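Welcome! Please take a moment to look over the sequence and the 3D structure, and then read on for a short briefing.

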Amino acid sequence: VAQTLVLAGYPDPRRSHGAHELDLPFSKLLRSYKLQDPAPKPQLALPVRAIQCAVAFYENQKTPLARAIADLLTIAFFFLLRPGEYTMTTSRSRKRTVQFRRQDVRFFKDGNVLPHSTPLETLRQADAVRLYLDNQKNGKRGATMHHTARPSPFCPVKALANRVHHLYELAPANPELPISFVSLGSHVTSSHITLAVRESVVLSGLLN
């Protein structure tokens, strides 16, 4: 209410005339709210081994959806993505975050950009990959995230190459397909990722 009044040009009713701090009753009330809040509970971060176990598990299933989940787990891990940036949200949720699309991915080899029509094996041998952000990461547009290749199967370049090649084969003329797209009516969702992470805890032996 006070903020609405201030935006309308009226003085803040929580402060005495000319005062910078809140009046004592309001400051004590806010402090009491903070004291009533429960103490924060630190969460145990998942080790790399857990993610690698989940990726290997889904890759071995050899279905398009499972392979997509494995690739997106890898991509999310290396680029520190939020679910809405790489998975399909429900139709009910309305968020500003725009999911990464095929057109937002660039591959580099010896300083040159590789087109998405490049064969899969050549894409997977790229030196680096770059994601172009559109309204992500706290609303900042036009920023980029860059990652170099790793000499192992668990690699962001290889995972994004798999996704881009799959999307290009399905619809070469549609660069706006999101990276969560698997087939018509089928996307990787946040529920798939949540289940995969839970399974990774068991697969990696973290419960033992």
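## A first look

Helix α2 lies largely in the open, because zero of its 13 residues are buried (buried means under 20% relative accessible area, exposed over 50% and partly exposed in between, with a 1.4 Å probe and protein chains only). Helices (H or I, at least four residues) and strands (E, at least two) are DSSP runs numbered from the N terminus. This is a predicted model, in which local features need pLDDT of at least 70, side-chain atom pairs count only at pLDDT 80 or more, and totals for chains, interfaces and linings use all residues. Residues are numbered from 1 along each chain as its sequence is written, and side-chain values use heavy atoms, with hydrogens and water left out.

**Helix α2**
- The end C-alpha atoms of α2 (residues 24-36) are 18 Å apart, which agrees with the 18 Å that its 13 residues should span at 1.5 Å a residue (the expected span is 1.5 Å times one less than the number of residues).

- T74 lies in helix α4 and counts as buried, at 3% relative accessibility.
- Not counting residues up to four places away in sequence, T74 touches V55, F154, C155, P156 and A159 (contact means heavy atoms within 4.5 Å).

**Two loop residues with positive phi**
- Most residues other than glycine have a negative phi.
- L80, which is not a glycine, has a positive phi near 55°; L80 lies in the loop between α4 (64-79) and α5 (83-86) and is exposed, at 64% relative accessible area.
- D110, also not a glycine, has a positive phi of about 55°; D110 sits in the loop between β1 (105-109) and β2 (112-114) and counts as exposed at 63% relative accessibility.
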